Amino acid sequence: MKKIALDDILGFAAYEKVRQQFRDDIIDKKKRRRVAVGDKISIVFENRDTVIFQIQEMLRAERIADLDKIREEIEVYNELIPSPGELSATLFIEIEDQAHLREDLLGIDESVYFRVGAHSIQGRFEEGRSKEDKISAVQYARFSFDTQAREAFRRGEPAEIVIDHPNYKARAVIASDAQRSLAEDLAA
């Protein structure tokens with residue numbers, strides 16, 4: 001999937017003109033790309049559109065107009081763009097009482113995988129978000145599919161996200177429309 005470049009980003013005035021429609025479109029796309037895995041975790045699969053939206057919104061919220069700072073934001077958010085044969089996701093831990101988050105879900109980053117037919121794809125999480133003394137409620141993961149798993153996914157073999165943590169066990173089937181959308185990401 002092609003990384004974001006400076007030319008992909010609109011200036012403030014241009015973005016304000018299209019923001020509402022762009023926002024509505026992204027909300028609709030994210031609905032199809034969001035998977036609730038149990039009652040405490042949801043995963044949103046990222047692509048170019050979702051990342052551009054995040055950059056545009058960050059620039060808007062922070063009123064960033066300096067080109068060097070815009071380039072820095074693009075560089076940071078480009079880490080969410082999946083590489084060929086990968087899916088990239090943001091995992092949200094949705095717990096209101098954060099006091100026991102570390103004790104309850106430390107190690108979650110080693111417990112999430114994608115299952116497609118007979119294939120299992122372990123999530124690789126961004127380092128530094130889950131440590132002995134803390135865990136972030138937002139995690140970033142990549143799922144690298146080998147050729148056989150990609151083909152099985154493209155064919156529509158049953159797919160699910162599985163979390164097998166000692167304190168949290170859940171699974172969620174990937175809906176067919178989400179699977180078609182994600183298959184496009186794998187092909188990009």
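**Legends for close-up views**

**View 1. Strands S2 and S3 side by side.** Strand S2 (residues 41-46) runs antiparallel to strand S3 (residues 86-93), and 6 bridges link the pair. Strands here are DSSP runs of E with at least two residues, helices are runs of H or I with at least four, and both are numbered from the N terminus; two strands pair if DSSP finds at least two bridges between them. To find your way in, look for Val-44, whose bridge partner in S3 is Thr-90. You are looking at a predicted model, where local features need pLDDT of at least 70, side-chain atom pairs count only at pLDDT 80 or more, and totals for chains, interfaces and linings use all residues. Residues are numbered from 1 along each chain as its sequence is written, and side-chain values use heavy atoms, leaving out hydrogens and water.

View 2. Five strands with antiparallel pairing line up in the order S1-S2-S3-S7-S6. Strand S1 (34-37) and strand S6 (124-125) each have a single partner strand, so one side of each lacks a neighbour in the sheet.

**View 3. Helix H6 on the sheet.** Helix H6 (residues 176-187) packs on the sheet and touches S2 and S3; contact means heavy atoms within 4.5 Å. The direction of H6 makes about 130° with that of S3, with axes fitted to C-alpha atoms, for helices over the stretch in contact, and angles running from 0 to 180 degrees between N-to-C directions.

**View 4. Stepping back to the chain.** Altogether, the chain has 6 helices and 9 strands. Its C-alpha atoms fill a box of roughly 50 × 45 × 25 Å along the principal axes.
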